[in-house]
Amino acid sequence: MTTVLPEVVRMPADPSLIRLVYHHEHPVEAYEFDDTLEVWTVMARIDADLLAEDMAAHSNVDQETLDAVQDITVGRMSFVRVRMHGPDHPFEAMDSHTGDVCRIGETVLDVGTGQWDAAFEETLAHPVGDLLVMDRVVLEPGWRGFSPGPVLAGAAIRRLPQDCVAVACEPGSADDRDLTKAQHCEAAAKLAGVWARIGFEPFADGVHILDCHMQRPHDLLAERQQEFTALCRTWHTHHRP
C-alpha cells in the first residue's frame with residue numbers, strides 16, 4: 001500500500017533554514033531622487049554553508065557532495081521607501097521609478113502638492129512619516145503552493161518601515177506573465193486575499209495599505225509565524241522521523 005505524503009514534503013529543502021538578506025546601496029553624493037527613494041531588495045534564500053552543515057548533521061553524505069552544495073533561492077522581494085520630507089517632490093520620485101510605484105503614488109498622494117491624499121490621510125492612525133511600497137514579491141516555482149509568501153513579506157515589513165506611516169501595494173501578478181484582463185483581475189483578487197493575511201486592507205483604485213501604527217498587522221504576523229513553525233515541523237516529521 002502506497003502512502004501519499006502531504007505536499008509539504010516536496011519542498012526543495014528544510015524551510016526552517018530560510019534566511020532573509022537585505023540589500024540597499026546609494027552613492028555618497030546623491031543625484032536625481034537618491035535622497036527621496038530608497039530601493040531595498042530582500043532575498044529569501046538558504047545559504048549553501050548552512051545547508052551543507054544541516055546535511056552533514058542529518059544524513060550520511062561524503063565531502064564531495066557537501067562541497068557541491070549551492071545556495072537555494074526561495075524568492076525575492078522589492079521594497080521602495082519614499083521619504084516624504086526629503087529634498088524632492090515625492091510623486092515625481094515615485095513616477096521616475098516604475099509604473100506600479102507611480103500608480104500607487106497617484107492613489108495615496110496629492111500629485112500636485114506631493115502631500116498625502118486627503119482620503120488616505122484620514123485612513124491612517126498617525127499620518128506623519130514616510131511611505132513604504134511593497135513593489136514585488138516573487139517566489140521560485142518550487143516554493144509556491146506552501147504559503148510562505150505572507151510570512152516572508154511580513155518578516156521584511158517588520159524590519160523595513162521604521163518611521164513609516166504605512167506600507168502600500170497593488171496586488172497583481174509579479175512573475176512577468178502575459179495575462180488577459182480577466183486573468184489579471186483573478187490574480188489581483190487572489191493576491192489581495194494573500195496580503196490580507198498580514199494586515200493589508202483595500203484603500204482605493206486597487207491599492208491596498210497596511211497601517212504601521214495598528215496592532216492588527218503584528219497579531220496577524222504572529223499567526224503566520226505560528227503557521228510557518230507548523231510547516232517546518234511537518235517537513236521535519238517526514239524527513240527526519
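How many bridges join strand β1 to strand β2? The count is 5, and the two strands run antiparallel. The legends below describe a predicted model.

**View 1. Strand β1 against strand β2.** Strand β1 covers residues 19-23 and strand β2 covers residues 37-46. Their antiparallel pairing rests on 5 bridges. R19 stands opposite R45 in β2. L20 faces A44 of β2 across the pairing. Strands of a sheet pair through backbone hydrogen bonds, either parallel or antiparallel.

**View 2. Strand β2 against strand β3.** Strand β3 spans residues 72-82. β2 and β3 pair over 10 bridges, again in the antiparallel sense. Within this pairing, M43 stands opposite R76 in β3. In a regular strand the side chains alternate between the two faces of the sheet.

**View 3. The open sheet.** The sheet has 7 strands, ordered β1-β2-β3-β4-β5-β7-β6, with mixed pairing. β1 and β6 (201-204) are the edge strands. Each has a single partner strand, so one side of each is left without a neighbour in the sheet. From one strand to the next, the twist averages 30 degrees.

**View 4. Helix α6.** Helix α6 takes in residues 149-159. Of its 11 residues, 9 are buried, so the helix is largely enclosed by the rest of the structure. The buried residues are G149, P150, V151, L152, A153, G154, A155, A156 and I157. An α-helix has 3.6 residues a turn, so residues three or four places apart point the same way.

View 5. Rolling a probe the size of a water molecule over the atoms shows where empty space is left. Here, 1 cavity of 30 Å³ or more is found. The largest cavity has a volume of about 30 Å³. Its lining consists of A44, G75, R76, M77, V137, V138, L139, G149 and L152. β3, β4 (130-139) and α6 are the elements that give two or more residues to this lining. By class, the lining holds 6 nonpolar, 2 polar and 1 charged residues.

**View 6. Residues shared between views.** A44 stands opposite L20 and lines the largest cavity. R76 in β3 stands opposite M43, and R76 is also among the lining residues. G149 and L152 are buried in α6, and both line the largest cavity.

Notes. Residues are numbered from 1 along each chain as its sequence is written. This is a predicted model: local features need pLDDT of at least 70, side-chain atom pairs count only at pLDDT 80 or more; totals for chains, interfaces and linings use all residues. Side-chain values use heavy atoms; hydrogens and water are left out. Two strands pair if DSSP finds at least two bridges between them. Helices (H or I, at least four residues) and strands (E, at least two) are DSSP runs, numbered from the N terminus. Buried means under 20% relative accessible area, exposed over 50%, partly exposed in between (1.4 Å probe, protein chains only). Axes are lines fitted to C-alpha atoms, for helices over the stretch in contact, and angles run from 0 to 180 degrees between N-to-C directions. On a 1 Å grid over the protein atoms alone, a cavity is a set of points where a 1.4 Å probe fits but cannot get out, and a pocket is an open set with protein on both sides within 12 Å along at least five of seven lines; lining residues have an atom within 4 Å of a point. Grid points are joined across faces, edges and corners, and a volume is the space filled by probe spheres set on the points. Ala, Val, Leu, Ile, Met, Phe, Trp, Tyr, Cys and Pro count as nonpolar, Asp, Glu, Lys and Arg as charged, and the others, Gly among them, as polar.
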